[in-house]
Structures are given as structure tokens and as C-alpha cells.
Amino acid sequence: MNVQIPELGLVALVGPSGSGKSTFARRHFRPTEILSSDFCRGLVSDDENDQSASADAFELLHVIAQKRLARGRLVVVDATNVQKEARQPLVRIAREQHVLATAIVLDLPPSLCDARNAARADRSFGPHVVRHQSAQLRKTLRGLQREGFRYVHVLSTPEAVDATTVERTKLWTDRRSERGPFDIIGDVHGCRDELVALLVELGYEATDADGRPRFAHPEGRKAVFVGDLVDRGPDSPGVLEIVMTMVRHDAAICVPGNHEIKLRRKLDGRDVRLTHGLAETMAQLEGRPEAFLSEVRSFIDGLVSHYVFDDGKLVVAHAGMKEAFQGRASGKVREFALYGETTGETDEYGLPVRFDWASQYRGRAMVVYGHTPVPRAEWINGTLCLDTGCVFGGELTALRYPERELVSVPAGRVYYAPVRPLGSAAEPTRDDLLDLDDVMGKRIVATRIARTVTIQERNAAAALEVMSRFGVDPRWLIYLPPTMSPTATSSLGDFLEHPHEAFDYYRREALPRVVCQEKHMGSRAVLVVCRDAEAAAARFGVSDGRRGVITSRTGRPFFEDVALEVAMVARVADAAQEAGLFDELATSWLCLDAELLPWSAKAQSLLRGQYAAVAAAGRSGLGAAVEALRACASRDGGDASELLARFEARHDHLAGYEAAYARYCWPVQGLDGYALAPFHVLASEGRVHTNEDHVWHMETLARICAADPSLLRATRYRVVDLSDPDSEAAATAWWIEQVAAGGEGMVVKPLEWLPTGRSDFVQPALKVRGPEYLRIIYGPEYLSHLPRLRRRGLGAKRRLAQKEFALGIEGLERFVAGAPLYRVHECVFGVLALESEPVDPRL
Amino acid sequence: MLLTITTTHRPATDLGYLLGKRPDRVQSFELPSGRAHVFYPEASDARCTAALLLDLDPLDLVRAARRSKTRDELLTHYVNDRPYASSSFTSAAISRVFGAALGGRSRERPELAATAIPLEATLATLPVRGGERFLRELFEPLGYEVEAAREPLDPRFEAWGGSRYYRVTLRATTTLGRLLTHLFVLVPVLDDDKHYWVGDDEVEKLLAKGADWLPDHPRREEITRRYLKRQGALTRRALERLIATESAPIEDEPELDEAEDALETKVSLNERRLAAVLATLRDVGAARVLDLGCGEGRLLRELLRDRRFERVVGLDVSTRALGRAHERLRLETLPPAQRARIELLHGSLTYRDARLAGFDAACAVEVIEHLDPWRLDAFARVVFEHAAPRTVILTTPNAEFNVRFDGLAAGAHRHADHRFEWSREEFGAWAHATAARFGYTVRLIPVGDIDEEVGPPTQMGVFSR
């Protein structure tokens, strides 16, 4: 006997002790699929036969069953299950998890069971036990289906048990192996002309099949109908003809809409009210032969609530499908597929208020559906409603999958007056409300560059406060810059950092060329600039008239003064426009990575509270010390002179420190005095610019800078051939010249954004900071402590740089791919969270 | 880093005996994070000056700070003023190098140690939190003539103003032991920081060093509080023992929102606000109550006192505030039945949060003005659309009333973190629009004494559905 069980579901083995359930289970199922009550008794009490532990054991068994089913794993319950009371919780669990329950009954003669039990040392109970169990089973056997088991298989002889094979069947909804391409078509509602027009527009060609048009796509694409083919419109039978023919010839797939189900009931002669356009359909069906009606009936009967396609990446259902229901089977799932989730209330038009499941949807599968007429098909958290109200005079819309292109044809006219006007409230619109679960807890984010990045719960908690209290509008925040590691510590001369080690690093990664960029000492700024306010509203959903945003490295508004920000965004956008960049990149927006100078403008409180304060303390403290030591030295003639020399040297160091930070301080007035030095064109419409090398970024940005040189500062750079000692020496000389003139130093990057080096991950950039600048970092007198400072570890910083870089790019990739806000925000939030990890702040 | 002590008591070189350090050579002493040098810039019969120069190793300072449990924010930075400024390191060096003199003892000149002589102490770089006035308030009651010169932050950038460092000279006729004791206690008090963990033994140290002058000092509370690094419990214990004869109870100093509270004290506004919120909650018969933005738990404490509030949940975005609420509400020691009524949640009012559903009422007392205007939409949706309790109570300042606060500049906000403050009309417009959008009705209720012209200091919106 071949026993079929759904591949996802709950299987209850039923039979008295000694009937061979465990042996049967072991033969047909994986050990982890079997939940045995004996085993659970052992887990909680160390004794598999301790009947006093049964209550605890079953509680545990039920919890495991729930968890497995929630995760989409098969559950086989190995317990006697002879009493209805014991089976009821299993049926309930299966229902709650929206899977089917199957019973496999081993109804063997009690004498056989007794003999088996007698052969086992651990089963000391008398024969009355098995007889009692057997009697209970017989009493309830016929009611199993009524109890809620969809399939019941009874095996009554040892031979039958031995001869049984178990076959796992896919669920009806499971079409994961079908990967498309598809053309998913919205609610047709009897609009046959528009359907034909749309099919033609999509490239389908009609041939004649027994007097009916038979549409098929020459490239083998398949149409997927989201249901509601019928009612309200002028030719529901004509639409059915087309769709049924396509389905029969495997050119289309169809899920049922609530209107099909109602029509089916009517055709069965049930008492159904002829409302919502059913009357029109019935009238149109008048005079159709019985064979046609019978074809319609069996067509509708054969429709499956929803489908999961393409390895689980695409779900199609009439009214949508929340994540927990996808690929599952139950009355509730079917109801959701047909009607969506309603709150139980009705609105002012008497229509049910729909629960806005899409706004809270967080599943990975794209869900395409219809049912609720919307003015435009718009993505909401990876879901798309295709019902653009054709029958109400809107459009008939299709989605090309996997291309994600929308194709529409307009309705010929208004065929049916909508009860609720199109575009009125309660229809899903773009929803950017984030959920705490989108960011909190330990998170593992899959990225394209570094596989997965793990963010610890404590880091996420720290980021929540910063993001909530200080962050800009999350819709603008598509990128946070990663931290950057310094080059390995140098042992050359009086240098803590030197280009030599940076070049060496990339040479060891077998990268032929690097680019050296001047490092500006200001404050990091990320800019989003749009061509105009309309573009900002369309792409970022922010419609307060702003054309962009400038954020700090932690996602805060760069400027406290909004007017300054607005002015600077406008200047940069205008410069990009003048340089022709929007047209060239076919984009309405740009995301730029930049340094904004002077340092003193942004770091005012840090400067006053720390850097200048230390200088003031040092100036007066060391000044007084030198003065007192001089007095002492002149008095005693020698003893204090050694100490005096040391403190004079310290005083000189302090002067060097004062000079170092003062170079980065100058006054600003309005935008005057500010300089913006962009160094990455991070992203534009449809593209993250990681495929262009850094020279492209430098040259492209230089063109923008040339358009507004009083604000924008091009970054000086040079390309170094690592196999050419002269090229390297020239770059080193260039660095020395810059840092001698007070520059911060330079950043060395592989020429390519995402190079393939020898190790799994190549640092995207290394900073090489100048010796005078480092006084600000390591303290005024750090040069006196070089040997000890050289013992610094870079490992943690580099791992952090890798994770943040991967997350940053991932966020941009998601944004340009049109991912919902929460998916972008997850990455941005992740970078901020990682930044709360304690690392040596001097690196 | 430099302390000099001068006397003109003849023979002035007796200062060397008093300090136990000979004037004729430089002497150096090991300290935990560096060295201290003692030398004499001048040493004549008429005038003698001893110098105590701290020579701290900046790297050692940082390493020690990172290892210690204080995790001193300032010291973990490599660029910090500790090597240059006078601080608790100075006190430690006085104790280490001039220990006997600090205790009023001298092997060679015991009578002189007990004699008041003309003394002058100069601290080259004394960080003063609280400005020159506070500096004078500390030393002048002890009989010192105070001379103070403030160091500019950076002479190249005049606009940056002055630093917190003063060159301070103190003159008095007193014993050397008293002078050193005053410096030992008051230098860290002025700096308002300590480089080491402050625990119970610091209370003992303060009581011993301050026994004969601190109880009568007009700023004893502030001195004690700062000396004990503003740790409320320690301060209370020290003050109680210090002024054992007086019986006025000592209140915990509020740690947050001090400025705003100080501003609003005249109308004891916070209490009236809480009273108004509590009265409304009782009116609507709420049993399960959310306090959104609960901070340190002032409202939660009141809610816990009334058993009709069966379930009380506080949410805040700051884990530190929640930690303090946990302490102040003494959640660790609450009886189980009380403990079961209350829960503290870490969350944000701009992220939808499933844990906030199922409550009768939600309060956000003085919270919305801390949100950036562009977050208000998310806030409204989180509270009214998703948490959706029957009653929502919001309070926020009435900006019109600000003109009635002395010392608040025109157009300024009551608190540095306020992102906006609304007039009655602005709040009313927002409240009505929000209520309409989410199917609520709203009543606007004034809180505090109503000023005829500018209205009440606080406005409250009670939303119901």
C-alpha cells in the first residue's frame, strides 16, 4: 500500500502499545521528524516509561510540533494517540499552523502487540492495557476524519505494515520549481477587449482552437491570472473562454477570485444574491450550452487558492497572502487568498474594512495580487496590487516577472460604477512606517559582498536611541559610510603611519594598481541631491519641497540650520545639472560621499571642549612649569636643567599640536567659507556605482566641482603602479609634501571598488595620516611615545570596516532595486549599530 | 600640573622642613601614573617657594582609565587635559609627597607646623567648573584672598572665548596643614571629576579631611556632592553624618532635566502635570496604562501607588533612563504582586511596536516636543493607528507661556533637547487633525495656572475613541 502524505504537515501515528509505531516511524521518516512521547518522557524525567511525566512530556511534544510546523518542517507524532482527547491537540496545532493532519493507524491484533511487549524488558504492564487501548481505538476509528484528519490510512495486518511505502506529495500551492518568466495579470472582470489588447501588448499571439482564440507567447512566457475574471464587465464568458483555453494549453495559470467562487455556487443552484455584477454574468451565460457551463464549473473547481513560484520568491493570490500563510493549506488560508483579512468593521460605503496586511508585510517573497481596486499599481513592502479597476474605467495592468515591469492598457469605458470611488481612503498606499522588529534583536543580514553580517542585540539597542532621537527622516537615509582602517603601523623613522605599508598591503593582495586620494580634514557628509522637488517626492516619498539632504556619518542632519542645508543641496544639485550628470546617468537623483570643510564648522563643541581646551591647559601648565624650572635652574646652576630641557621639549610638542588643529579651523558665514569635497558617486537611479573604478569617480566629480568651484573642491589624486618602484616613490613624495604642508594625509584604495584579491575581503581603503595631524589623534606629545604606540592592533577595526562596507553597499543595492524602506533601513541601522562597538578611537 | 607654595615667614627656607623636602636639589617621586618632582624656584630667608610638578605619562593614564571600572570618558581619550591640569592627581601627589605636612606634622619643626604663617599657593592650571564665582565661594569663606586669571581657549580664535582653566593664587595666614588639606579636598571639587572609583572609603576620607571646616562651609552640599562624584546615595550618607545635629531630610538631586525643572519650579508644574494625567486616567477608568517616554519613571511611580492601574508599562528609547527608572522604582525589591504589575520596555516611538497593543490608555507626558517634526507622523501612526488604546493623553509645553519664565531668552525653548514648542493654536490644530485622521475625538485641557494673556504653562490633549 502506498501512503501519500503532504510534504509539509502533521502525521499522527495511531495504535496501541506494541503495534509497531516506532519501528514504522524509523523506517519511513528522519529521526528529527519523529516526535516520540516516550522520548519526551525521558527528556523531562530520565525515564521513558514514567507515566506520571506524561503531562509534561506532551506539553513539550506539542511545543516542538508547533515550532517545526512554523518553520515548515514535517512532524510525525509517535504516541499511542488512541484517545480522541490525545488527538485533539494535534489537530488544533495543525490548524493553527495551517497544515493538513494525516492519521496512519496501526490497527493490529492485541495478541500480537502483547507478544511484542512481553519481549521487551521495559514494558512490564499486563495485557489489559493493550486490550483497553485497542478498544478505545476501535471506538473512535471511524470518526477520525470528522475530528479533523484530512487523510486516514489504516493498516490492519503486519504484512500490510511491512508492505507500506510512504510517498511525500507536494502541496497544490507549491510551484517553486516553476521560475517563469511570467506575465501576471490583474482583475479582468469580464473586460474581454482589454484582456485581448493587454495580451497582444505583452506579446501573446492568438491562434484558432475549435472556434476559440488560443493565446500563447512565442517565447514561452506564461500568463498568471490573479482571479476575478468574471462579473460586472461586458463579456465574462468571453474572458473565461480565453483564460480556460490558455490554462488548458499550459500558456496560463490562474488562481480563483471571490467572484469565481460565488459564480460556482450560483451555477450549483445555491441561493446566491445576484449582486456585485453577478447578475450581468448570469445574463451573459444565458443560452450558453450546458457543456460550457460544465467546463466553467470544473475549471473553477480546479483552481488552487494561491501559488508559490520561483523557489519561493514569488507568491500570487487573489487578495494577497501574508507570510505565515504562504504555501500552506487551511480554510483560513483559502479565505485570506479570496477575501484578504478584514477587521470585521464596515466603512461608510458598507464595504468591509480591510486589514492592511501589506503595510506590515515583511516576507521575502514578492506577493502579487488584485481584489482591491487602486488608482495605480504601487509597491508596498514587496507586495503589488494589480487591480487598477479596469471595469470601473481604470486600466488593466500586468506585471512582467522577473523584470518587474508594469504594462497597462486603458479601459474602453466605465462598465460599472464603483461603490467606493477609486483613490478614496482605505486603499493601500506607499507605507514607510518602520517596525521595531525591522531593527532590534540580534540580526543576521545577508549582503552581496560579505555574505552575512551579524549585528549583536546590544549594538542594535544602542543604535535605536541615536537613530530615533537624532537621525534624519529614514526615507532619506539610504547610506551610512563605513569606518576606515589606517594602514599597518610603520616602523620607518618617526612615522607611525607611512604609505609604504599601504602599498605593501595591496601588493600582497596581488592588486596591480591603487589610487591615492588626498584626505580632506573636515567632517564626513553624505548627500542625497535630486534634480527637483518632484523627483524627491517620487523617488524618496518626501514631499515637503526639499531637494535632498546632507547627513553626518551617523545619519544626523549635518546642519542645525535647515536653510544652510537647503542652500547647499541646491548648489550641489545645480552643479550636477550643469555638469550634465543627471542626463548622463539617466537619473533624477544622486547619492554622494563627501568631506565637508572646515572641521571647525561641525566639530565646534569638540574643538572647544576638547582640542582647544587641552591646548589651553597645556599652554598654561607647561608654560608655568618651564618658567619655574628656569628659575630653579638659574638658582642651583644645574640640578634642574635636565628636567627643564625635557619640559621645554614638551612645550614645543604642544605648540606643534596647536598648529595642527588650527589648520582645520576657519570661520564660515552662511555658505561662505564652506568647502565640499565629494569623492564617491555612490548611487543613482538603478545603479550603485561600484562597477566604475575610482578614476571614473574622481573625474566625474571633478566635472561637478568645476561647475561651482567656490563651494566644491575637487580631490587631488594619483594612480600608482605597484610594480613600478618609481611610481610608488613619487606617490610617497607626494604624500610627504602634502603632510608637510599641513595636510591630513591620503587614502589609498584599490583602483576597482570591489577587487578580487588574495584574501576573501580586501580593505576598500586604507588611510595614511601625516605625523603632525596625528598629534590631534594620539596626543600632543605622541612622538615621544612612538615605541609603545606602535603596538596597536588593527584586526577589530578592519573587521568592522569590512562589515560596515558590505552593509553600506547592500543598503544602496536594495534601494536602487526598489526594495521597501525597511529593507534599506535594516542596512543603514546595522552600520550605525556596528559603530557602537568599542574599538580604539584613534584608528 | 604645577602647584607652588610660597611663604615669607622668616626664615622662609623653613618651608623645606615643613614640607620635608630640602630646597637644595630636585627630588622625584614615583606615582602610579608617572612621577612628581619637587624643586624650589626661589629659596631665600625672606621668601621661599616650593614647586610640586606632576609629570604624568599620558599613555599610562589612558591605559589605567581603560582598565578601571570608572571607564572615565575623558581619560579614555588620548587627547585630554589630565597631564596639564590640576586635578585629583594633584591631591594624590600632595598626599604621596607631602603626607606628613598634610597631616599637620613636621619632624623638625613641629611648633611651626601648628603655627599660622603667611602662605601663598599658586595652581597654574586649575580647571574650574562653575566659574570664578564658585571658586571664590569655596575659598573665601575659609579666609583666603583669591586671585584668578582665566586662560583663553585659543588666542588665535578669540570668538571661542575663555577656557575653564584658571591660574589661581590663594593667600592666607594659616597653617601649612590646613592649606594643603583645603587644596586636597577642593581641587577635585573644582575640577568636578576624579580619576579613580569613588566608593564608601571616599566618604570616610572626606569626613576625616573636612571635620573641622566642612560642616560650617556655606557650600558644603555642593562640595560633598562633587567630591563624591555626584553619587546620590554616597552624598546623602556623607551629608547626614556631616551635619548629624541638623535634621532636615536630604533629597536626591534630580539628575536629568535639571534646567527645565528649575525653570518651571515656581509653578511646581511637573506635579500638576502628573496630577492632571492621573486624574484623567482615573476618569476614563483605565486599568492597563502605557507611559510612552517614561524616562526615570515619575509617572510610573504614581501609577504603581494606585492599585486600580492593574498593568503599568513604561517605554523609553534611552536604556540609561530605563536603568534609572528600574533603580528609582526599586523594581528589584518590589513584592512579587507589585512587580507583576509593572514592566519597562526599551523601544522607540517612531517604530511600530506590537508590544504596545492591548492597553486602555497611553500617556506621553512632555514627549512629543522631543521628536523632530518629521517624526510626528510616524509617532501618530505608532500610537493612534497601531497601539490604538481607547484613550491617549499627550502633554506638551505651551510656547506662548515662555515669556513668563524669567531667565528664558525670547524664542528659546525650555529644554535644550526640545525640537519645537507649540502655541495653543498649533497644538490644537495638530491634535484635531490627528484625532480626525485616526477616528478619535480630542479634548484640549490647560494644565497649571492660566495666565489671561498667554494661557497655561502646559497643554494637554485627551484623545478618545
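Q: How are residues, chains and ligands labelled, and which parts of the model count?
A: Residues are numbered from 1 along each chain as its sequence is written, while chains are lettered from A and ligands numbered from 1 in the order in which they are written. Because the model is predicted, local features need pLDDT of at least 70 and side-chain atom pairs count only at pLDDT 80 or more, but totals for chains, interfaces and linings use all residues.

Q: How many helices and strands does chain B have?
A: Helices (H or I, at least four residues) and strands (E, at least two) are DSSP runs, numbered from the N terminus. Chain B has 17 helices and 14 strands. Its C-alpha atoms fill a box of roughly 90 × 50 × 45 Å along the principal axes.

Q: What share of chain B is buried?
A: A residue is buried if 20 or more other C-beta atoms, placed from the backbone, lie within 10 Å of its own. In chain B, 45% of the 465 residues are buried.

Q: What share of the contacts in chain B joins residues 24 or more positions apart?
A: Two residues are in contact if their C-beta atoms, placed from the backbone, lie within 7 Å. Of the contacts in chain B with a separation of 6 or more, 69% are between residues 24 or more positions apart.

Q: How many residues of chain B are in contact with chain A, and which element gives the most?
A: 49 residues of chain B are in contact with 45 residues of chain A. Elements giving two or more residues to this side of chain B include β1 (2–7), β3 (34–43) and α16 (376–387). The most come from β3(B), with six residues. By class, this side has 25 nonpolar (Ala, Val, Leu, Ile, Met, Phe, Trp, Tyr, Cys and Pro), 12 charged (Asp, Glu, Lys and Arg) and 12 polar residues (the others, Gly among them).

Q: Which domains does chain B have, and how many Å separate their centres?
A: Domain bounds come from an automatic or database domain assignment. Chain B is divided into domain 1 (2–197) and domain 2 (258–464). Their centres, taken over C-alpha atoms, are separated by 48 Å.

Q: How many residues of domain 3 and domain 4 of chain A take part in their contact?
A: Domain 3 of chain A is assigned 434–470 + 796–834, and domain 4 is assigned 480–519 + 724–792. Their C-alpha centres lie 28 Å apart. The contact takes 13 residues from domain 3 of chain A and 10 residues from domain 4 of chain A. On the domain 3 side, α27(A) gives the most, with eight residues.

Terms used. A residue is buried if 20 or more other C-beta atoms lie within 10 Å of its own, exposed if 12 or fewer, and partly exposed in between; C-beta atoms are placed from the backbone.
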